[in-house]
Amino acid sequence: MLGWEFPPFMAGGLGIHCLELTRGLSRMGVDIDFYMPHMKSIEGDLKVSQHHDHLRILEVEAEPGTSPYGNGSAHYEENFNAAVALYNRRLVDAFDSHDADVLHCHDWITVPAALELKRRTGLPLVHSVHSTEFDRSAGFAPQHWIEDIERQGIHGADLVIAVSRYTKALVEKFYRADPQRVRPVHNGVDLEKFHAVADRDYSKHRGRVLFLSRMSRQKGPLYFLEAARRVLEKRPHTRFVMAGKGEMLPECIAFAVRHGFADRIEFTGFVPDSMLADIYGHADIYVLPSVSEPFGISVLEAMGSGLPTIVSRSSGVGEAVRHVLKTEYWDTEEMADMILRLLDSRALREELGRNGAQEAARFTWDACCQRTLAVYRDAVAMAPPPLVRSRPAATARLPISPPMEARP
Amino acid sequence: MTSVCFYFQVHQPYRLKRIQSVRPPAGVDYWDHAKNRAILDRASAKCYLPANAAIAEMVRKSDGWFRVAYSVSGVFLDQLESDRPDVLQSFQDLAKTGHVEFLAETHYHSLAGLWDDPTEHKAQIDEHRKTIRRHFDQAPTTFRNTELIYDDRIAATAEALGFKAILTEGTERILGNRSPNRIYKPARPESKLKVLLKNYRLSDDVAFRFSTPGWSEAPLTADKYANLLSQVDGDTVNLFMDYETFGEHQWPETGIFEFLRHLPGEVRKHPHLGFALPKEVAAENEAVDTLRVPQAISWADSERDVSAWLGNPMQHTAFAELRALGAPILETGDKDLIQAWRRLQTSDHLYYACTKHMGDGDIHQYFSPYESPYIAFINHMNAIQDLKAKTELLLHA
């Protein structure tokens with residue numbers, strides 16, 4: 001398995017996904033070599049943990065870790081792209097197929113190496129798409145060279161795992177993927193730390209509406225604020241909480257100031273993992289107004305915390321749950337109406353909250369792992385026997401030029 | 001001699017248009033006229049017109065030996081009157097055969113019967129009686145409460161209004177091991193009301209199981225069904241079902257209309273069977289025992305209680321809000337406001353907010369115009385709250 005991050009080194013959901021996936025698959029008897037870049041931690045001598053048997057973590061020397069999933073304003077900068085390119089080159093060199101049956105790579109950042117390794121070893125390749133450039137850019141000035149890599153990965157893999165039917169439809173539409181080869185597999189979620197706040201008293205509420213997400217165009221923070229403005233016209237005492245950081249934070253603050261409700265809104269900044277349950281626990285309504293959300297685990301976490309939840313229709317999780325309210329991300333009137341009715345009605349909060357918590361608990365990593373394993377089996381069954389079983393020569397270049405060099 | 005007693009329920013609610021509190025509607029015209037018209041047209045083409053024609057012909061051909069009863073909700077008749085007078089005419093043609101009984105119910109197909117104060121319930125029954133008299137020139141003596149909801153109080157209300165008989169579900173919850181094929185009376189000693197109970201097995205054989213693949217009686221043919229009826233031991237077998245069974249729930253391809261057309265002939269082969277109207281069954285048979293029903297029953301779901309409409313806190317909230325709105329809205333004396341309030345009481349609005357068995361492809365969602373019960377509740381409540389605001393405005397102006 002070719003990855004990018006793994007606990008404790010991670011910035012986004014990919015690290016969690018890889019941990020849960022390798023753990024679950026191990027329990028089902030799958031042996032996994034997991035490749036990731038060697039990370040130097042600024043906090044000292046953090047070591048990536050092995051976590052469980054049947055898993056070997058192989059750290060490939062690369063540039064100090066930078067994340068593709070938003071370390072504030074640093075993401076998508078050129079040193080990051082260079083780090084990705086270097087990691088992919090070194091990964092190909094370091095790779096040893098041993099007796100592997102299948103290759104599995106995650107997102108575009110591991111695609112170049114995965115395609116080269118498939119070429120050299122003949123191993124069947126499963127490619128997980130956790131998000132696409134369309135999602136991350138919200139359709140606004142996507143980076144075409146990344147789209148090219150995503151397209152190559154989707155067409156080069158034997159089978160593609162999409163995190164949702166929503167994402168499956170996206171890659172079929174934008175990358176003309178063969179629908180037969182794209183399998184939707186929903187994420188799981190570990191809700192244990194949210195159980196304490198799930199048992200809430202719905203008769204009391206503080207009128208707090210929560211946005212908890214990276215503040216990027218993809219997550220639709222301005223739609224949340226537009227809905228907030230409409231809600232405040234009817235209910236001036238409502239409080240809004242925007243948790244997370246991101247490049248749109250200044251724009252969000254400016255919006256609240258311009259419309260005169262900066263005093264009704266609280267910007268918390270980045271929320272560490274340890275604070276998540278608290279944040280959900282102190283909110284009364286959760287809103288995820290994403291413009292394009294491949295899955296949206298935070299929705300399941302909010303539901304698992306007993307929060308009535310409003311989710312954008314352009315999301316993967318929206319297709320999979322029934323005990324939420326769904327709206328178009330741009331329909332801020334509808335969003336405001338839902339918030340108002342939730343604030344007014346204990347019955348609605350309680351019914352959505354309780355049923356939602358039960359529903360979220362059904363998204364287990366076990367189910368996700370089982371479906372992933374089924375994809376592995378299919379990939380192995382449909383692929384010709386591997387050509388090479390031994391360590392490949394370490395000379396070839398990657399098929400894709402690093403973007404740095406491609407630019408003038 | 002065993003009576004075969006058919007009653008068909010005919011009802012369509014005024015479905016709501018999308019109402020948002022951030023942009024309140026100007027008036028109290030809350031209804032999605034286009035959707036209501038489209039559903040009315042579809043059901044008319046698939047069920048009401050062909051089924052009415054078939055029944056009318058069967059009644060005429062048998063010279064009234066084959067006879068059936070209808071309970072037609074007032075809100076349905078109102079929609080026919082404004083949008084489909086041709087369909088209304090076809091129901092009136094049935095009435096003119098002289099062998100079709102029209103039952104009384106609440107005009108608004110509401111749950112007002114469950115409120116402590118029976119005044120509103122009585123007002124809605126009275127309005128429906130007038131509607132039936134106006135359209136069909138009949139004075140109903142048999143009462144059918146919304147969704148066969150029944151308890152001791154509702155029975156007392158019906159008797160106080162002069163009805164001779166009332167219909168409800170023949171559930172074991174009230175019968176124990178007694179037969180649904182007999183006539184009963186309420187437990188109050190002075191009561192003379194006849195209670196007719198639905199034989200739910202034989203009714204549901206047609207309404208729900210008719211086209212079910214793999215069912216032991218499939219395919220259900222008229223001769224087979226007549227045989228099942230002939231084996232019933234009792235005074236009457238009451239077959240109560242939604243009229244939309246014919247052509248809409250059971251598509252014409254299932255052979256439901258052929259089944260219907262052949263039924264009188266097959267029943268006639270059993271000399272001890274004969275068709276009868278609810279009022280005739282009530283008049284010709286004495287009650288064999290009493291029924292004590294302190295908690296309301298209905299014909300809905302496997303629970304046969306009122307949990308389809310009042311099973312979760314959202315439904316309780318909307319129900320309580322509607323009731324609380326009663327006194328102020330009647331005080332305004334504004335006919336439009338009062339009519340809107342009563343149309344919002346139609347049980348369907350609460351049914352759509354049911355969260356029982358969600359996810360099992362359940363019947364509630366099948367009938368719902370909403371994406372989810374939560375949106376159903378939000379929309380219904382938005383309408384109620386808007387009406388409340390307009391009522392207060394009028395009272396304090």
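Visitor: Which domains does the assignment give for chain A?
Guide: Domain 1 covers 13-188 + 365-406, and domain 2 covers 192-360. The bounds come from an automatic or database assignment. This is a predicted model: local features need pLDDT of at least 70 and side-chain atom pairs 80 or more, while totals for chains, interfaces and linings use all residues. Residues count from 1 along each chain as its sequence is written, with chains lettered from A and ligands numbered from 1 in written order.

Visitor: How many residues of domain 1 of chain A are in contact with domain 2?
Guide: 19 residues of domain 1 are in contact with 17 residues of domain 2 (C-beta atoms, placed from the backbone, within 7 Å). On the domain 1 side, α4 (133-137) and α6 (165-174) of chain A each supply at least two residues. Helices here are DSSP runs of H or I, at least four residues; strands are E runs of at least two, both numbered from the N terminus.

Visitor: You mentioned α6(A). Which strands does it touch?
Guide: Start with the sheet. Four strands run in the order β3-β4-β5-β6 of chain A, open and parallel. Its edge strands are β3 (103-106) and β6 (182-184), each pairing on one side only. Pairing takes at least two DSSP bridges. The twist averages 25° from one strand to the next. α6(A) packs on this sheet and touches β4 (125-129), β5 and β6 of chain A. Its direction makes about 160° with that of β6(A). Angles run from 0 to 180 degrees between N-to-C directions of axes fitted to C-alpha atoms, for helices over the stretch in contact.

Visitor: How many bridges join β5 and β6 of chain A?
Guide: Three, in the parallel sense; β5 is residues 159-162. V160(A) stands opposite V182(A) in β6(A).

Visitor: Now the six-strand sheet of chain A. What's the order?
Guide: β9-β8-β7-β10-β11-β12, open and parallel. β9 (265-269) and β12 (325-327) each have a single partner strand, so one side of each lacks a neighbour in the sheet. Neighbouring strands are turned by 20° on average, direction ignored. Helix α13 (residues 332-344) of chain A packs on the sheet, touching β7 (208-212), β10, β11 and β12. The direction of α13 makes about 160° with that of β12(A).

Visitor: And which residue does L288(A) stand opposite?
Guide: V311(A), in β11(A). β10 (residues 285-288) and β11 of chain A pair in the parallel sense over three bridges.

Visitor: Where does P308(A) sit?
Guide: In the loop between α11 (297-304) and β11 (309-312) of chain A.

Visitor: Is P308(A) buried or exposed?
Guide: Buried, because 30 C-beta neighbours lie inside 10 Å. The cut-off is 20 or more; 12 or fewer is exposed, and in between is partly exposed. P308(A) touches, among others, I285(A), L342(A) and L348(A). Y286(A) is 22 residues away in sequence, yet 6.4 Å away in space, C-alpha to C-alpha.

Visitor: Switching to the chain contact. How many residues does it take from chain B?
Guide: 20 from chain B, and 19 from chain A. On the chain B side, α12 (313-332) and α16 (373-395) are the elements giving two or more residues. α16(B) gives the most, six. The chain B side divides into nine nonpolar, nine polar and two charged residues.

Methods:
Two residues are in contact if their C-beta atoms, placed from the backbone, lie within 7 Å. Ala, Val, Leu, Ile, Met, Phe, Trp, Tyr, Cys and Pro count as nonpolar, Asp, Glu, Lys and Arg as charged, and the others, Gly among them, as polar. Lists of a residue's contacts leave out its neighbours within four places in sequence.
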